[in-house]
Amino acid sequence: PARQRPNIVDQEIEVTAQAIDVDLKQDSFVAKGRVESLRKAAPKAPGTKPGPASAPGLFEEGEPIGGKADALSYTKATGLAVYTGEVALSQSSGPGTSSNVLRADEVRLDDKKKDLTATGQVRSTIFIEQGATASARQPLTDTQLNSDRMAYTEATRTAVYSGSAVMESRNGERLAAEQIGIELLAERRALKRVDGDGISRHPFG
C-alpha cells in the first residue's frame with residue numbers, strides 16, 4: 001500500500017506534505033514537498049456566528065482558502081505563513097463558481113493583520129465589484145492583475161502591484177503601468193479607486 005503522507009489538522013488549517021517538521025515549543029511547523037493546505041473558517045464560539053477564514057480583502061471572508069506550494073512555514077505566535085515555490089492560493093465560494101486565485105514564487109500571509117505580499121511572477125484573478133459606490137452594488141467581475149511584486153495592506157484596503165504591472169477586466173478595460181494601486185471599499189470587495197503611472201490607461205467602472 002502507498003505510504004500515507006504526513007499531515008497536520010486543527011481547527012484553523014490542514015496541511016499535507018512529503019515532510020513536516022513540527023516545533024511544539026514554538027508552536028510552528030515547516031512543511032516541504034508537494035505541500036497542500038486548507039485554511040478554514042475560525043472556530044465558532046458558543047452563542048456566536050462562525051468566524052471568517054484568515055483572509056485578506058482580496059479573498060472572500062468566511063470561505064476556505066486552498067494552497068499549493070513547494071514549501072510552507074507557519075508560526076502561530078506571529079501568525080505569519082510563508083509559501084515558497086510555485087505558490088497557488090485559490091478560493092471558490094461553492095460548486096460551479098469561479099475562483100479567486102493568486103500565483104507567485106513566494107507569498108507571505110499575516111494572519112493577525114491580514115496583510116499579504118507576493119513576489120516573483122505574480123498572477124492573480126480576483127472577483128470584485130467595479131464602478132460600485134458605498135450604496136450601489138455591482139455584479140462581481142473577474143479582474144486579472146499581473147506584476148513582479150504585490151503588497152496588500154488590510155488597514156487601508158489597498159493592494160500595490162509593482163514591476164511591469166497590468167490590470168485587465170473581462171469587459172476589455174486595461175491598465176498597464178510600472179506600478180498599479182487599487183483601493184477597496186471598507187465594507188466589501190468593491191473597487192473604490194485605481195491609480196497607475198504607466199503609458200496606457202482605460203478607466204475602470
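Tyr74 is buried, at a relative accessible area of 10%, where buried denotes under 20%, exposed over 50% and partly exposed the range in between (1.4 Å probe, protein chains only). The model is predicted: local features require pLDDT of at least 70, side-chain atom pairs count only at pLDDT 80 or more, and totals for chains, interfaces and linings use all residues. Residues are numbered from 1 along each chain as its sequence is written, and side-chain values use heavy atoms, with hydrogens and water left out.

A search of the whole structure returned 1 aromatic pair. The ring centres of Phe29 and Tyr74 lie 6.0 Å apart with the planes at 40°, so the pair is classed as tilted. Rings of Phe, Tyr and Trp (its six-membered ring) pair if their centres lie within 6.5 Å; planes under 30 degrees apart are stacked, over 60 edge-to-face, and the rest tilted. The pair links distant parts of the chain, with Phe29 in strand S4 (residues 28–39) and Tyr74 in strand S5 (residues 65–75), 45 residues apart. Strands (E, at least two residues) and helices (H or I, at least four) are DSSP runs numbered from the N terminus. Phe29 is also buried, at 7% relative accessibility.

The side chain of Tyr74 also makes a polar contact of 3.2 Å with the side chain of Asp111. A polar contact is a pair of N or O atoms within 3.5 Å; within protein, one must be able to donate a hydrogen and the other to accept it, and residues adjacent in sequence count only if both atoms are side-chain atoms. Asp111 is located in the loop between strand S7 (99–110) and strand S8 (115–129) and is buried, with a relative accessible area of 15%. The side chains of Asp111 and Arg39 are joined by a polar contact of 2.2 Å.

Strand S11 (residues 174–184) is mostly covered, with 8 of its 11 residues buried. S11 pairs with strand S10 (residues 158–169) in the antiparallel sense over 9 bridges; pairing requires at least two DSSP bridges between two strands. Within this pairing, Tyr161 has Ile180 in S11 as its bridge partner. S10 and S11 form a hairpin with 4 residues between them, and Gly172 in the turn has a positive phi of about 95°. S11 is also joined to strand S12 (residues 191–196) by 5 bridges, again running antiparallel. Gly181 stands opposite Asp195 in S12, and a hairpin of 6 residues connects S11 to S12.
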